Amino acid sequence: YLWMATEAGLLRFDGVNFVTYTHDDNNPGSISSNRINKVLSDPKRNLWVATSDGLNLFDPLTETFTLIPLPAVDLNGYIIDMKLMHDGTLGFVTSGVGFFYIEETANGYDAVRSGIDPVFSEINSFIPTYDGGMIAGTHTGNLARIKANGNVSLHEASNTYFVNLVLERDGNVIAYTTKEVFRVHPATMEISPIDISDLGGA
């Protein structure tokens with residue numbers, strides 16, 4: 001299937017027909033919100049759906065959704081980004097709250113809060129790096145380098161906010177803001193602008 005995130009529900013396309021999954025107040029197995037931010041399949045073929053009101057796990061047999069509760073937080077959370085870490089676990093950022101990762105338990109899956117939440121309360125996007133750490137872009141235009149040991153450093157890059165980060169095969173990171181694009185070298189945190197003048201913007 002091809003899965004598509006929209007602001008009017010989750011779409012599934014089988015090559016011929018579309019199926020739309022939307023929230024229904026009277027159906028506890030429906031998706032938690034119609035605003036879908038990200039869709040991701042993990043190595044176990046679980047389908048995770050990040051919405052404006054929580055993280056959902058889709059069950060293809062029953063075609064129902066399970067909302068993953070956030071620990072010690074009295075809300076479902078606006079899931080602003082999620083990525084697979086290099087060990088196969090799922091990490092995600094909740095806007096204004098922090099970074100969580102998914103842990104498999106005997107009863108299913110739990111969201112576990114990380115210890116670097118103060119940095120991630122400003123994060124719009126993140127990408128795991130090959131050394132076990134990650135780079136994250138903030139809504140204040142900074143790039144955060146989070147090393148595998150938890151050490152964090154902030155680096156000024158832009159006067160606008162980051163919307164996406166992509167890992168290249170050589171280990172460098174392409175970081176996109178609403179107006180600019182940068183190439184970042186994780187080892188040195190050298191940040192180089194990429195000329196996009198011929199494209200009319202990012």
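This is a predicted model: local features need pLDDT of at least 70, side-chain atom pairs count only at pLDDT 80 or more; totals for chains, interfaces and linings use all residues.
1. N172 is found in the loop between β16 and β17. At 13% relative accessibility this residue counts as buried, because buried means under 20%. Leaving out residues up to four places away in sequence, N172 touches V166, L167, R183, V184, H185 and P186.

2. A175 stands opposite F182 in β18.

3. The chain continues past the sheet. S197 lies in the segment after β19. With 54% relative accessibility, S197 counts as exposed, because the cut-off for that class is over 50%. S197 and N159 are 38 residues apart along the chain, and their C-alpha atoms are separated by 17 Å.

4. As for the protein overall, its secondary structure comes to one helix and 19 strands. The radius of gyration is 18 Å, close to the 17 Å that the globule rule gives for 202 residues, so the protein is as compact as a globular protein of that length. Along the principal axes, the C-alpha trace spans about 50 × 40 × 30 Å.

5. Of the 202 residues, 43% are buried. Among contacts with a separation of 6 or more, 36% are accounted for by residues 24 or more positions apart. The protein exposes about 10,700 Å², and carbon and sulfur atoms supply 49% of that area.

6. Where does S30 lie, and what does its side chain reach? S30 sits in the loop between β3 (18-21) and β4 (36-41). Its relative accessibility is 10%, and S30 therefore counts as buried. The side chain of S30 reaches the backbone oxygen of N27 at 2.9 Å. A polar atom of the S30 side chain also lies 2.9 Å from the backbone nitrogen of D24. Neighbours within four places in sequence aside, S30 is in contact with T22, H23, D24 and F65.

7. Most residues other than glycine have a negative phi. Phi of R45 is near 70°, a positive value in a residue other than glycine. R45 lies in the loop between β4 and β5 (47-51), and it is exposed, with a relative accessible area of 76%. E63 likewise is not a glycine and has a positive phi, of about 55°. The loop that holds E63 runs between β6 (54-59) and β7 (64-68). E63 is partly exposed, at a relative accessible area of 36%.

8. Strand β10 (residues 98-105) pairs with strand β11 (residues 108-113) in the antiparallel sense, over six bridges. The two strands form a hairpin, with two residues between them. Across this pair, E103 stands opposite D110 in β11.

9. How many residues of strand β12 (residues 123-128) are buried? Six of its six residues are, and the strand is described as mostly covered. In a regular strand the side chains alternate between the two faces of the sheet. Five bridges join β12 to strand β13 (residues 134-138), and the two run antiparallel. The bridge partner of F126 in β13 is A136. β12 and β13 form a hairpin with five residues between them, and in the turn G132 has a positive phi of about 95°.

Terms used:
Residues are numbered from 1 along each chain as its sequence is written. Side-chain values use heavy atoms; hydrogens and water are left out. Two strands pair if DSSP finds at least two bridges between them. Helices (H or I, at least four residues) and strands (E, at least two) are DSSP runs, numbered from the N terminus. Buried means under 20% relative accessible area, exposed over 50%, partly exposed in between (1.4 Å probe, protein chains only). Contact means heavy atoms within 4.5 Å. The radius of gyration is taken over C-alpha atoms; the globule rule is 2.2 Å times the number of residues to the power 0.38. Accessible areas come from the Shrake-Rupley method with a 1.4 Å probe; for residues, only the protein chains shown count as cover. A polar contact is a pair of N or O atoms within 3.5 Å; within protein, one must be able to donate a hydrogen and the other to accept it, and residues adjacent in sequence count only if both atoms are side-chain atoms.
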